[in-house]
Amino acid sequence: MQKPVYEIELLQNVDKELEGDFYASSKSVEYKKGTSPFSTKDLLHHFYIVLDGKVKTYQINFETSKEQTLFIYKRGDMFDVLSLLDKKPHEVIYEVLEDAKLLQLSIEKVRYWIENSPKFNKMFFPYLASQMRYLEDLATEVSLYDVKERLVHLLLQNLDTEEHFKYNLLQNLSNSEISKLLGSVRHVLERAIKELRDDGLVETGRKNIKISNLQKLLEKNSKMLLK
């Protein structure tokens, strides 16, 4: 069987038996920007790995219309991990932010690998831990820091290859989407961006925030943490 390029990249460190089983058990699916194709029922039966594009998952207060983005999944990310592990519906909303190609697998097959494949677990459980750390950081940030401080942290973590869910995250994200990541609203975020721009720390363009003085931004972040 000829190996698709995306499968070689994802499974380069697993054994041949799992590799072949993975090929036979998965298929590629594509979704357009702006769609919400993943229902609670679907995620009780299917597990997804992102190959290209971005998919966000979020919660919304329907009385205030305020949103909190939980994750923005990009290449290599997997969902829905909660439904995979506890077999219960996960009441979140999904939206495709950029045209996306994903790998679709039977959730029962993935559970079988978790129970029977140490090689799969070496790939899966570090990823699960990174999700848990990200959510812990999110709760801490929203509770302890203001929007400007949270933005500074996010900008710096966006450059850090160790920050899986934040590394290279901000590319092509609108201010509205960034504000939802920070648990805020757009006008508050834009005020924080203006303050950083006026201080000579960042430059802005269409769907782009560029750090213009990394050293000063690091110093500012250190001072914030010491408050």
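Start by selecting Glu 141, which is buried (under 20% relative accessible area, with exposed over 50% and partly exposed in between; 1.4 Å probe, protein chains only) but makes no salt bridge. Its nearest side chain of opposite charge is Lys 166, 5.0 Å away. Here Lys and Arg count as positive and Asp and Glu as negative, while His and the chain ends are not counted. A salt bridge requires a side-chain nitrogen of Lys or Arg within 4 Å of a carboxyl oxygen of Asp or Glu.

This is a predicted model, in which local features need pLDDT of at least 70 and side-chain atom pairs count only at pLDDT 80 or more, whereas totals for chains, interfaces and linings use all residues. Residues are numbered from 1 along each chain as its sequence is written, and side-chain values use heavy atoms, with hydrogens and water left out.

Stay on Glu 141 and show helix 5 (residues 118-144), where it lies. Helices (H or I, at least four residues) and strands (E, at least two) are DSSP runs, numbered from the N terminus. Leaving aside neighbours within four places in sequence, Glu 141 is in contact (heavy atoms within 4.5 Å) with Arg 150 and His 153.

Next, select Phe 38 and Tyr 48. Rings of Phe, Tyr and Trp (its six-membered ring) pair if their centres lie within 6.5 Å; planes under 30 degrees apart count as stacked, over 60 as edge-to-face and the rest as tilted. The structure has 15 aromatic pairs by this rule. Phe 38 sits in the loop between strand 1 (26-31) and strand 2 (46-61), and Tyr 48 in strand 2, so the pair ties together parts that are 10 residues apart in sequence. Both are buried: Phe 38 has a relative accessible area of 5% and Tyr 48 one of 1%.

Not counting residues up to four places away in sequence, Phe 38 touches residues including Leu 43, Val 55, Phe 79, Val 96 and Leu 102.

Of its 59 residues, Phe 38, Phe 79, Leu 102, Phe 124 and Leu 155 touch the most other members. Strand 5 (residues 93-106) gives the most to this core, with seven residues.

Turn to the charged pairs. There are 11 salt bridges in the structure. Select Glu 98 and Lys 54, whose closest N and O atoms are 3.9 Å apart. Glu 98 lies in strand 5 and Lys 54 in strand 2, so this bridge ties together parts that are 44 residues apart in sequence. Glu 98 is partly exposed, at 26%, while Lys 54 is buried, at 6%.

Then pick Lys 56, which forms a salt bridge with Glu 177 at 3.0 Å between the closest N and O atoms. Lys 56 is in strand 2 and Glu 177 in helix 7 (residues 175-181), so the pair ties together parts that are 121 residues apart in sequence. Relative accessibility is 0% for Lys 56.

Key:
A nonpolar core is a set of buried Ala, Val, Leu, Ile, Met, Phe, Trp, Tyr and Cys residues joined through side-chain atoms within 4.5 Å.
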